[in-house]
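This report describes one protein chain for a reader who is new to structural work. Please keep the sequence and the structure in view while reading.

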Amino acid sequence: MKPWLFQPKYTWGERFRLFLVCAFPVHVWALLMAFRDFSWVAERTRVWDAVGLLAYALLIALLESVGVFLPVLFLAWLLPVRWHSGQRIALTGTLFLVVSVWAMLGQGYFLVQNPLPESLFNLLSASEHPMRILAAVILPLIALSAAIPAFLILKSRKFLEGVLQFFERLTLLSTFYLLLDVIGIVILVIRSLTQ
């Protein structure tokens with residue numbers, strides 16, 4: 001008999017589904033950033049170089065997806081066995097998506113160079129610890145936006161089923177992104193052989 005530490009809690013299919021959920025926001029963000037730079041790279045050099053930029057973005061997105069999947073899977077593995085695997089996958093996948101959305105909002109805010117409203121900026125500037133004030137406002141919002149769906153996943157069968165159906169749709173899109181990853185790797189191989 002295997003020690004409890006090594007007992008499998010998830011099938012390979014469930015692990016792969018969780019990986020595809022984790023890959024979705026990473027690929028969306030990578031493609032948004034790559035397409036943002038596509039036109040100026042194509043104008044500055046060649047379109048083939050801009051295609052290479054997209055291929056590199058997809059490769060990095062694939063590596064980041066694997067990198068974030070491993071801790072998410074570990075978190076899912078730590079959840080109690082009394083919850084069925086659908087609850088554990090829904091919970092960890094939802095928490096990862098919530099954190100991803102907040103990370104995208106944070107990066108997007110700085111990318112669009114949208115400064116804080118002047119009154120808020122002045123208030124924070126007058127403070128001795130402006131980052132502490134921002135953290136005191138933002139961290140409870142992040143915690144609340146993660147806690148509400150987590151509570152609903154554990155308490156409402158209908159909400160859980162809705163989350164799992166949503167994940168099924170995400171996995172279809174993420175499968176398409178993995179196909180783009182393969183195409184991107186082929187493009188990078190071709191570029192390295194022809195240069």
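## Confidence in the model

What pLDDT does the chain average, and what percentage of the residues score at least 70? The model is a predicted one. Its chain averages a pLDDT of 86, and 91% of the residues score at least 70.

Among the parts compared, helix H6 has the highest mean, at 93, whereas helix H4, residues 118–126, has the lowest, at 69. Over residues 1–7 the pLDDT stays under 50, and the model has five contacts for these residues beyond four places in sequence.

## The nonpolar core

In general terms, nonpolar side chains tend to be buried together in soluble globular proteins. The largest nonpolar core of this model holds 32 residues. Those that touch the most other members are Leu18, Phe19, Phe69, Leu91, Ile153 and Phe167. The elements that each give two or more residues to this core are helix H1 (12–44), helix H2 (47–78), helix H3 (85–111), helix H5 (130–155) and helix H6 (157–194). The largest share comes from H1, with nine residues.

Which residues does Phe19 contact, leaving aside its neighbours within four places in sequence? The contacts of Phe19 are Leu62, Ser65, Val66, Phe69 and Leu178. One of these partners, Phe69, is itself listed with the residues that touch the most other core members.

Trp48 lies in helix H2. Is Trp48 buried or partly exposed? Its relative accessible area is 32%, so Trp48 is partly exposed.

## Salt bridges

As a general principle, side chains of opposite charge can pair when their charged atoms come close. A search of the whole structure finds five salt bridges. Three of the residues involved, Arg46, Asp49 and Arg191, are linked in a network.

Asp49, at 18%, counts as buried because buried means under 20%. Arg191 is likewise buried.

Another salt bridge joins the side chains of Arg36 and Asp37, at 4.0 Å, N to O. Both partners are partly exposed: Arg36 has a relative accessible area of 45%, and Asp37 has one of 24%. Asp37 is found in helix H1. Between Asp37 and Val47 there is a separation of ten residues in sequence and 12 Å in space, C-alpha to C-alpha.

## Two residues of helix H6

Thr171 lies in helix H6. Why does Thr171 count as buried? Its relative accessible area is 8%, and the limit for a buried residue is under 20%, so Thr171 is buried. Beyond its neighbours within four places in sequence, Thr171 is in contact with Arg17, Leu20 and Val21.

Leu164 is also found in helix H6. With a relative accessibility of 22%, Leu164 counts as partly exposed. When neighbours within four places in sequence are left aside, Leu164 is in contact with Gly86 and Ala90. How far apart in space are Leu164 and Pro130? The distance is 40 Å, C-alpha to C-alpha, and the two residues are 34 apart in sequence.

Methods
Residues numbered from 1 in each chain as written. Predicted model: local features only at pLDDT ≥ 70, side-chain atom pairs only at ≥ 80, totals over all residues. Heavy atoms only, no water. Core = buried A, V, L, I, M, F, W, Y, C linked by side-chain atoms within 4.5 Å. Buried < 20%, exposed > 50% of the residue type's maximum accessible area, 1.4 Å probe, protein only. Helix = DSSP H or I, 4+ residues; strand = E, 2+ residues; numbered from the N terminus. Contact = heavy atoms within 4.5 Å. pLDDT = per-residue confidence, 0-100.
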